[in-house]
Amino acid sequence: MTGPLILRVVNFSILAFFLLRVMGRSMRQFFFAKHRRVRRQMIESVVALKAARTTLAESRETYERLPGEIAARRGAIAARAAKECEAVMEEARFKADQVVEGAGRLAMEERQRAERVVKERLLDGAFGLIDAKLAGMFGKERRQAMAKSGLDELEKACAGR
């Protein structure tokens, strides 16, 4: 049994020797090329890994800064909104003041107009009563003279006021 084993080992050694002799240079070039390719891929993998770790670290930093940035932006937005609300309220107050002033002017004008109408009605009524009483007592020309005299006195009294 050891005989066939020795023969097999010798046979394999001869085959390996011839294969290395014939294909040694080609195999050496193939394995060196393969070695260089694997080495280059490992270097590229290390570079890619470092880039990925850097990107991950930057992403984590950005993620950790986000709550602060969001809070700052919310604060800025709230401040702008408060400022805009204050401006709107100020404008509303100004317009309300204008409306109140306009309403006051209108009320004053209406009061003055009403006073004029009341005075005119009172005077018309009074002159009507006087004219009716005087109609029985005096003639038409005398009544007109008396009315003119009374109006002149009234104008003087109003002018002196």
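Trainee: Which residues form a nonpolar patch on the surface?
Mentor: This is a predicted model, and in it the patch is made of Ile-6, Val-10, Ile-14, Phe-17 and Phe-18.

Trainee: How much accessible area do they have together?
Mentor: Together the five have about 500 Å². Phe-18, one of the members, lies in helix H1.

Trainee: Where does Val-22 lie?
Mentor: Val-22 lies in helix H1 too, and that helix covers residues 2-137.

Trainee: Is Val-22 buried or exposed?
Mentor: Val-22 counts as exposed, because its relative accessibility is 65% and the cut-off for exposed is over 50%.

Trainee: OK, whole chain now. How many helices and strands are there?
Mentor: The chain has 2 helices and 0 strands. Helix H2 takes in residues 140-160.

Trainee: What does the C-alpha trace span along its principal axes?
Mentor: About 180 × 30 × 25 Å. The radius of gyration is 59 Å, whereas a compact globule of 161 residues would have one near 15 Å.

Trainee: What share of the residues counts as buried?
Mentor: Of the 161 residues, 2% count as buried. The chain exposes about 15,000 Å², and 64% of that comes from carbon and sulfur atoms.

Trainee: Switching to charges. How many positive and negative side chains are there?
Mentor: There are 32 positive and 21 negative side chains. The centres of the two sets are 26 Å apart.

Trainee: And how many salt bridges does the structure hold?
Mentor: It holds 7 salt bridges. One of them pairs Lys-95 with Glu-91, at 3.3 Å from N to O.

Trainee: Where do Lys-95 and Glu-91 lie?
Mentor: Both are in helix H1, 4 residues apart, which is about one turn of the helix. Lys-95 is partly exposed, with a relative accessible area of 47%. Glu-91 is partly exposed as well, at 43%.

Trainee: What does Glu-110 form a salt bridge with?
Mentor: With Arg-113, where the closest N and O atoms are 2.5 Å apart. Glu-110 and Arg-113 are 3 residues apart in helix H1, so about one helical turn separates them.

Trainee: Moving on to helix H2. Which residue forms a salt bridge with Lys-148?
Mentor: Asp-152 does, and the closest N and O atoms of the pair are 3.9 Å apart. That falls within the 4 Å cut-off for a salt bridge, so the contact counts.

Trainee: How far apart are Asp-152 and Lys-148 along the helix?
Mentor: They are 4 residues apart in helix H2, so about one helical turn lies between them.

Trainee: Is Lys-148 buried or exposed?
Mentor: Lys-148 counts as exposed, at 53% relative accessibility.

Trainee: Which residues do salt bridges with shared partners join into one network?
Mentor: Glu-86, Glu-90 and Arg-93.

Technical notes:
Residues are numbered from 1 along each chain as its sequence is written. This is a predicted model: local features need pLDDT of at least 70, side-chain atom pairs count only at pLDDT 80 or more; totals for chains, interfaces and linings use all residues. Side-chain values use heavy atoms; hydrogens and water are left out. Buried means under 20% relative accessible area, exposed over 50%, partly exposed in between (1.4 Å probe, protein chains only). The radius of gyration is taken over C-alpha atoms; the globule rule is 2.2 Å times the number of residues to the power 0.38. Accessible areas come from the Shrake-Rupley method with a 1.4 Å probe; for residues, only the protein chains shown count as cover. Lys and Arg count as positive and Asp and Glu as negative; His and the chain ends are not counted. The place of a charge is taken as NZ of Lys, CZ of Arg, CG of Asp or CD of Glu. Patches are made of residues with over 30% relative accessible area and no salt bridge: like charges are joined within 9 Å, nonpolar side chains (Val, Leu, Ile, Met, Phe, Trp, Tyr) within 5 Å. A salt bridge is a side-chain nitrogen of Lys or Arg within 4 Å of a carboxyl oxygen of Asp or Glu.
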